[in-house]
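User: I would like to go through the labels attached to this model and see what each one rests on.

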Amino acid sequence: MEKKYDVIALGELLIDFTMNGQSEQGNNMFEACPGGAPCNVLALLNKMGKKTAFLGKVGQDQFGTLLKNTITEAGIDSSMLVMDKSVNTTLAFVHTFPDGDREFSFYRNPGADMMLTEDEVDPAFIAQTKIFHFGTLSMTHDGVRAATKKAVQAAKEAGCLVSFDPNLRPPLWSSLDLAKEQMEYGFGVCDILKISDNEIQFVSGKEDYDEGIAYLQEKYHIPMILLTMGKDGSRAYYKGMRVERPGFTVKAIETTGAGDTFCGSSLNYLVEHGFDNLTEDQLGELLTFANAAAAIVTTKKGAIRSMPEREEVEALIG
């Protein structure tokens, strides 16, 4: 059947408060940036002209309203965004270090994003997409985990491709063993895995990335694995091929959303070129574009509102 959406994502939609200088009194100032990995991914896809929708929950508060308006403006269908008056929108404070690296303080005890329930997932809605995308922030607690698994099941039954980005945030887990267990669930159901260098080391226990990927391939038979290595670029593992492309040198101010931009770019390429018969050259093209788009996002604050146009990405590649 003709699919209404290219990509539907499920998960967290939240406010990232990012440091933005100091006041005259010497206090840190924070900027309220709409964020959350799944919608970052969708925002890039929308910039590339794709049809997307988001499934998740925010509070019926000022931040929830801001988020709903932001994703709607970005062109993301928000008809399945639940607004809940009994719980607050999730907040994350991003502390940036001089080298651009960061750590998070989450206000999520509970936050609205983790209160999505199974009843709020409509399988018929999920069936309308070509690709279904999710991460592990919607797997940290029982209720939302059940909702996520219901959505994944619906996607599989409808023949959608399933895309998974673990997006490991250790502070949000009661234990790292539980985090690992939920990552393993994702590995077991996905067709497309986007994983970062530190995540592959965490789940495989292997220092060497290729060995870590080989371990995953052997255990889960994931058709496509995309490995991101920060400024060092990325690799694709697909049908016995291993393709690597370097990163782009830019003046990064913060890395928030870079991995999501990479992920969105990759899914965009797959929507355009199909998933089944990619060549080595095409994989290289996918990686180069995704690396460039991710690099551009690191030069701006926030993610949903900082996604590049196709021309910008091509200019950097050129």
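User: Which residues have the most contacts inside the largest nonpolar core?

Analyst: This is a predicted model. Its largest nonpolar core has 51 residues, and those with the most contacts inside it are Ile126, Phe132, Phe134, Phe187, Leu193, Ile195 and Leu216. In soluble globular proteins, nonpolar side chains tend to be buried together.

User: What is isoleucine 126 in contact with, leaving aside its neighbours within four places in sequence?

Analyst: Isoleucine 126 is in contact with Ile8, Leu55, Val121, Phe132, Ala151, Ala154, Ala155 and Cys160.

User: Why is glutamate 254 called buried?

Analyst: Its relative accessibility is 4%, and buried means under 20%, so glutamate 254 counts as buried. Glutamate 254 lies in the loop between strand E13 (241–245) and helix H8 (258–273).

User: What makes the pair of glutamate 254 and threonine 256 a polar contact?

Analyst: The side chains of glutamate 254 and threonine 256 are 2.7 Å apart at this contact. The limit for a pair of N or O atoms is 3.5 Å, so the pair qualifies as a polar contact.

User: Why is cysteine 39 said to be in no disulfide?

Analyst: The structure holds zero disulfides. For cysteine 39, the nearest cysteine sulfur is that of cysteine 263, 13 Å away; a disulfide needs two sulfur atoms within 2.5 Å, so cysteine 39 is in none. The nearest cysteine sulfur to cysteine 190 is also that of cysteine 263, at 11 Å, and cysteine 190 is in no disulfide.

User: Are cysteine 39 and cysteine 190 buried or exposed?

Analyst: Cysteine 39 has a relative accessible area of 0% and is buried. Cysteine 190 has 6% and is buried too. Both values are set against the limit of under 20%.

User: Why is strand E12 described as largely enclosed by the rest of the structure?

Analyst: Five of the five residues of strand E12 (residues 234–238) are buried, so the description applies. Ser234, Ala236 and Tyr238 are buried on one side of E12, and Arg235 and Tyr237 on the other, which leaves both faces covered.

User: How do you know that E12 pairs with E11 and with E13?

Analyst: Strands pair if there are at least two bridges between them. Five bridges join strand E11 (residues 224–228) to E12, and the two run antiparallel. E12 and E13 are likewise antiparallel, over five bridges. Both pairs therefore meet the criterion. Methionine 224 has tyrosine 238 in E12 as its bridge partner, and tyrosine 237 stands opposite arginine 242 in E13.

User: How many residues lie between the strands in each of the two hairpins?

Analyst: The hairpin of E11 and E12 has five residues between the strands, and glycine 230 there takes a positive phi near 60 degrees. The hairpin of E12 and E13 has two, with lysine 239 in the turn at a positive phi of about 50 degrees.

User: What makes strand E3 and strand E7 the edge strands of their sheet?

Analyst: Four strands form an open sheet in the order E3-E2-E6-E7, with mixed pairing. Strand E3 (28–35) and strand E7 (102–107) each pair on one side only. Between E2 (residues 14–22) and E3 there are seven bridges, in the antiparallel sense; aspartate 16 has cysteine 33 in E3 as its bridge partner.

Methods:
Residues numbered from 1 in each chain as written. Predicted model: local features only at pLDDT ≥ 70, side-chain atom pairs only at ≥ 80, totals over all residues. Heavy atoms only, no water. Buried < 20%, exposed > 50% of the residue type's maximum accessible area, 1.4 Å probe, protein only. Polar contact = N/O pair within 3.5 Å; in protein donor to acceptor, adjacent residues only side chain to side chain. Core = buried A, V, L, I, M, F, W, Y, C linked by side-chain atoms within 4.5 Å. Contact = heavy atoms within 4.5 Å.
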